[in-house]
Amino acid sequence: MKYFFVLGSNQALSLAELFTVLPAASRGKVLNRTVLIAELEDGFDAQQFIKKIGGIIKIGVITEEDIPLYSTEMVEAVKKMLKPSEGKYKFGISNYAKYASPAKDKHLAMLIKKYLKEKEASCRWVIGKERVLSSVIVEQNLMNERGIEIVIFGDYKKCQVGKTLAVQAFKDLSYRDYGRPGRDDHSGMLPPKLAQILINLTGAKPGDKLLDPFCGSGTIATEALILGHRDIVASDISEKAVADTRQNIAWTKRKFSVVDAKEIVMLIDAKKINTKITAGSIDAIATEPYLGPQRGAVNQAENKKELEKLYSSALKAFYEILKKDGRLAMIWPVRVEGVNKIFLNPDLGKFERLNPLVNEYKKEYKNGFSQRGNLLYGREGQKVWREIVVLKK
Ligand SMILES: C[S@@+](CC[C@H](N)C(=O)[O-])C[C@H]1O[C@@H](n2cnc3c(N)ncnc32)[C@H](O)[C@@H]1O
């Protein structure tokens, strides 16, 4: 069966995460930069899968391929998907196709309404502010037996039609982001989605031992629990961070019914973590380290030197405690000064740098990569961007 994956706002990052977690998806095709369509084996569970991947907004099945936009074939393909049941039947249309027109989408909606009336079904067309429905609208109105989100992809002559099976669990993500008790707005906390992406980029499997050596409030540790990891080590140089992480882990376990997890949270400088953790015992490291001052004027040269020194020493210690072939996904800050971006160059030692996406995507998503091929995350106007570096022992 063919499935579609609507990519998050940083499409290159979403693809890199998806291909690491689900290698079969890398044989698929990207349409209009926003969606990947891939043939997958039977038994793929979209609703479970979307809970474990930070960079995907919607997943669904493709029911008809290569038909012209707004053609009679398209209307027939859409009709085939409608399954009106007792009570009010709700439908929405998200048109991602290149030449989609709101007026023509409306016409399609009217044809659907007419068809449903003929079937004696009472119905409602669910609309949003944008041409495509947000996951919030879809989740609240259409993700049940009495609703459907019809999706259209492609360009004018060759379109794909399908229906959504699962949308990102935005309510849970936001609850974990804003509801957790241990907070540190001064050091900053990773959004849970980005924590999931970072963990997934390491390729770690649930049975693996996963470490975050700059754990802060513990977002990586708690999202790892949500993703199904049960063997977690988190550490930080700050006592408050260690206390916050312990509190947030306990909260996550309680609120999300996590059982059988084994976690160690400790106070240690990341540069010396090899004195507390046995050599060759860690499968994967996912971490957002100290990124330099977050407010006020920054001496760029001094900051760069300080961070490069910290990261170089920490990387040396990480290399020692990782297993052979163990992976590390790490965020490096990229400070913006005028039109220039200042990249860090810590010493990678014997680490091998991995490129999670093949070159063809680098042309497609120019802003998604740094010149040296690492994934890049940021928006125009932001003072600090993030380079996401994936390394292998
Ligand atoms: C950007 S914060 C991490 C935030 C975390 N990802 C979260 O979502 O809560 C960086 C953390 O690195 C810690 N840190 C700074 N220098 C360190 C060092 N040498 N060793 C270990 N932790 C350090 C800080 O105490 C801070 O908690």
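1. The structure is a predicted model. In a regular strand, side chains alternate between the two faces of the sheet.

2. Which strands pair with β7? β5 runs parallel to β7, and 6 bridges join the two. Within this pairing, phenylalanine 91 has isoleucine 148 of β7 as its bridge partner. β7 also pairs with strand β8 (residues 159–167), this time in the antiparallel sense, over 5 bridges. Here valine 151 has glycine 162 of β8 as its bridge partner.

3. Strand β1 (residues 2–7) is mostly covered, with 5 of its 6 residues buried. β1 pairs with strand β3 (residues 35–39) in the antiparallel sense over 5 bridges. In that pairing, glutamate 39 of β3 is the bridge partner of lysine 2. β1 and β4 are antiparallel as well, with 5 bridges. There, lysine 58 of β4 is the bridge partner of valine 6.

4. Two backbone angles deserve a look. Aspartate 66 has a phi near 55°, a positive value in a residue other than glycine. Aspartate 66 sits in strand β4 (residues 56–67). Its relative accessible area is 45%, so aspartate 66 counts as partly exposed. Tyrosine 70 is not a glycine either, yet its phi is positive, about 60°. Tyrosine 70 is placed in the loop between β4 and α3.

5. How many salt bridges does a search of the whole structure find? The search gives 17. One joins the side chains of lysine 253 and glutamate 263, at 2.9 Å from N to O. This pair links distant parts of the chain: lysine 253 is in helix α9 (residues 239–255) and glutamate 263 in strand β11 (residues 262–267), 10 residues apart. Lysine 253 is partly exposed at 22% relative accessibility. Glutamate 263 is partly exposed too, at 30%.

6. Glutamate 288 and arginine 386 form a salt bridge through their side chains, at 3.4 Å from N to O. Glutamate 288 is in the loop between β12 (282–287) and α10 (300–321), and arginine 386 is in strand β17 (residues 384–392), so the pair ties together parts 98 residues apart in sequence. Is glutamate 288 buried or exposed? Its relative accessible area is 14%, and the cut-off for buried is under 20%, so glutamate 288 is buried.

7. Lysine 324 and aspartate 325 meet in a side-chain salt bridge at 3.7 Å, N to O. Lysine 324 is exposed, with a relative accessible area of 69%. Aspartate 325 is partly exposed, at 42%. Elsewhere, a network of salt bridges links Lys209, Asp231 and Lys262.

8. Lys88, Lys113, Lys117 and Arg124 form a positive surface patch. Lysine 88 lies in the loop between α3 (72–81) and β5 (89–95). With a relative accessible area of 45%, lysine 88 is partly exposed.

Notes
Residues numbered from 1 in each chain as written. Predicted model: local features only at pLDDT ≥ 70, side-chain atom pairs only at ≥ 80, totals over all residues. Heavy atoms only, no water. Patch = residues over 30% accessible without salt bridge, like charges linked within 9 Å, V, L, I, M, F, W, Y side chains within 5 Å. Areas by Shrake-Rupley, 256 points an atom, 1.4 Å probe, with all protein chains shown as cover. Salt bridge = Lys/Arg side-chain N within 4 Å of Asp/Glu carboxyl O. Lys, Arg positive; Asp, Glu negative; His and termini not counted. Charge placed at Lys NZ, Arg CZ, Asp CG, Glu CD. Helix = DSSP H or I, 4+ residues; strand = E, 2+ residues; numbered from the N terminus. Buried < 20%, exposed > 50% of the residue type's maximum accessible area, 1.4 Å probe, protein only. Pairing = 2+ DSSP bridges.
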